[in-house]
Amino acid sequence: MSILVLGLGNILLSDEGVGVRVVEALAASHDLPDDVEVLDGGTSGMDLLDMVADRDCLIVADAVNADGPAGRLIRLENDDIRMLFETRFSPHQLGLSDLLANLRLIGRAPRRIVVVGVVPQELGLGLDLSPAAAVGRDAAVGMIVDELARLGAGPRPRPH
Amino acid sequence: MTRITIDPITRIEGHLRIDCEVDGGKVTKAWSSGTMWRGIEIILKDRDPRDAWIFTQRICGVCTTVHAITSVRAVENALNLEVPLNAQYIRNMIVAAHGVHDHIVHFYQLAALDWVDIVAALKGDPEGAAKLGATLSDYKANSVPHIRAVRDKLQTFVDSGNLGVFASGYWGHPAMKLPPDVNLLAATHYLQALEVQRSANKIVAILGAKTPHIQNLAVGGVANAINPDSQSTLTLERLYAIKALIDELGDFVHNAMMNDVAAVGALYADWTKYGAGVTNYLSVPDLPLDTKGTQFELPGGYIPGGDLAKFQAITSYQDAFFRDGVKEAVKHSWYEYAGGKSALHPFEGETSPKYDDFHDDGKYSWIKAPTFLDKRAQVGPLANVLGMYAAGHEPTKRHLTKLVDVASKVAGTQIPLSALHSTIGRIAARAVRCAVLHEALQNQWQLLVDNIAKGDIRTFNRPVFPKGEVRGFGYHEAPRGVLSHWVVIKDGKIDNYQAVVPSTWNAGPRDDHDEPGPYEASLIDNPVADANLPLEVLRTVHSFDPCIACAVHMVDAERRPIVQVKAM
């Protein structure tokens, strides 16, 4: 089993970078099994091809434009994600959707894809998350930990 | 008269809107409007200049590496700090590998779909395509089984009905003119490019410790330790792994990509008549060969009015001709300068937003309008290749001649060098630059190995920040052209920071004198067969390889279809 947890977003634009903050928090608070890799992908698209190719499961953490209060979590899987490609759900979907389509073409797309999204509050200039997105970040870490546990690759919390 | 709005342009990084007025099947007026990240100075103010590169490489998702490199060069310039040779070579290899990666992805994954009909490739005959490939080169993956396997993969993909990246293509458009076998050969290389580009990225990852966002830079050098006796440093074993990756890349670049671009250029020869636009060309030298930045593997400079005889070289990291020539205007951008000042030098740069809707004759873009010697200038691989050619750079001449010869053979007529001032010329120049960069990557690898063999293992000179104010600029010939960072440092802290990025030069709106920018100028007289399917406009815009990074959210609040083409 090969699993990539990919954080996407622009950390210069506060909550826009929440996906990156989620994977940073995950890696800081948990010991991960050998078959789980965590990557801060920033706002890259095709640059990630090598890292995403041939995974059994890709878990993407990202900011998403969706209804509901800031900090709310969204979970999408496989077929639901097709919708992401037809609407501009998050600023990075173009890069990611191009990347995944290209991987499908060469038969190297991840077998399973899960998106864990956080609804942002503040997209202005700044390195810090809004309080609502910080709550969303912590909840997203929990959701990813559960996801990994279901895949038989549960991370262990690191003692403080 | 018809007005076309394409918003956003797809297959690019970031958000770009293009408006055209079309009359009698031709573009008569054009506007380029983008959301460009213009807030980096606010994030960087009062920070330690040694950290700036960590933040600047977050400006963009494609060009992470280039903003990191340019930032350390700007701070080193302010301190007059020399960089050890090993560090220069390691940086140069990262720069060259990143450039090769970027150019391969641009041609195949981003631009080719405007010229190659992927769906029509299914009608191609693998034997015919292989025979065609063999007339162009002895590239090993042009064999019938390879090509048949690709056609089968494509068929499965198209049958799945989920076309993804291909869904927004203009399949069957009357402007698509390649024969089925050519489409099939190009489609084969499209798929191979996806595999090959990984080799380039691996080189960046081995040297830079991580990709995206390299981690090995430092103001004053690199953080790669070199110790022939330790496994945890940059060893000969790792260097030879890099060498193998370089060789793999070379086979594809020289034997597949160069010929594909030549063939597409020859079969779309009418596109050498469109898209010249602004013919003042600006490029900068790159791949420094000494510790001070006074000698470079690749030359660069300024060519006014497309006249190669008037080429003026930019010769060092201290070059005053470049330093004093750059300004940015905001008359048509959503900013205002205090007191309504005209164009400002980046050291004096200001960033005060003033947004109020899209006005054809007023402000209509978030991008500023840069000028060189108060004139608009085009940057990018075409500017770079013409500059290197004018400077007499032998590898550039050789690769350019090779590409033009293949294109002439396919076209059955000699293609003149002047054909480069065009939409197709920009694509051809990018392939030539890719070949030149690949050769430079080999050279830099050898220089590094030779220098280590001499016993030099230094990679870092410690920076010291003086009291008071110092100013510096750094430049880099990035995949999309001239990138420059400008920094003012006061008492060891950043006081002002400006980045004048390649797509600002090319995608910028009209300037203080209402002169259109390169995108806008290049669209004039472009043919448009069907205003609802403006493929021709995309061809010219994509030929620049737009990268209008980030800040996408500003215009992306509501969900909507990926592409809107509005013809009124």
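Buried residues account for 55% of the 160 residues in chain A. Keep in mind while you look around that this is a predicted model.

**View 1. Chain A as a whole, with its 5 helices and 7 strands.** Start at the N terminus and follow the chain: the elements come in the order β-α-β-β-α-β-β-α-α-β-α-β. The radius of gyration of chain A is 15 Å, close to the 15 Å that the globule rule gives for 160 residues, so chain A is as compact as a globular protein of that length. Its C-alpha trace spans about 40 × 40 × 25 Å along the principal axes. Now think about which parts of the chain touch each other: of the contacts in chain A with a separation of 6 or more, 80% are between residues 24 or more positions apart.

**View 2. Strand β6 of chain A, residues 112-118, and how enclosed it is.** Count the buried residues here and you get 6 of the 7, so β6(A) is largely enclosed by the rest of the structure. "Buried" here means that 20 or more other C-beta atoms lie within 10 Å of a residue's own.

**View 3. β6(A) and its pairing with β4(A) and β5(A).** In which sense does β4(A) pair with β6(A)? Strand β4(A), residues 57-63, pairs with β6(A) in the parallel sense, over 7 bridges. To spot this pairing, find Cys57(A), which stands opposite Arg112(A) in β6(A). Strand β5(A), residues 73-77, pairs with β6(A) in the antiparallel sense, over 5 bridges. For that pairing, look for Glu77(A), whose bridge partner in β6(A) is Val114(A). While you're at it, here's a handy rule for looking at strands: in a regular strand, the side chains alternate between the two faces of the sheet.

**View 4. An open sheet of 3 strands in chain B, in the order β14-β15-β16.** The pairing in this sheet is antiparallel. Strands β14(B), 469-478, and β16(B), 493-500, stand at the edges with a single partner strand each, so one side of each is left without a neighbour in the sheet. On average, neighbouring strands of this sheet are turned by 15 degrees against each other, ignoring direction.

**View 5. Zooming in on β14(B) and β15(B), which run antiparallel.** How many bridges join this pair of strands? There are 10 between β14(B) and β15(B), the latter being residues 481-490. Look for Tyr475(B), which stands opposite Ser484(B) in β15(B).

**View 6. Helix α3 of chain B, residues 64-79, lying across the strands.** This helix lies across β14, β15 and β16 of chain B. Helix α3(B) runs at about 145 degrees to β14(B).

Notes. Residues numbered from 1 in each chain as written. Chains lettered and ligands numbered in written order. Predicted model: local features only at pLDDT ≥ 70, side-chain atom pairs only at ≥ 80, totals over all residues. Buried ≥ 20, exposed ≤ 12 C-beta atoms within 10 Å, placed from the backbone. Helix = DSSP H or I, 4+ residues; strand = E, 2+ residues; numbered from the N terminus. Pairing = 2+ DSSP bridges. Axes fitted to C-alpha atoms, helices over the stretch in contact; angles between N-to-C directions. Contact = placed C-beta atoms within 7 Å. Rg over C-alpha atoms; globule rule 2.2 N^0.38 Å.
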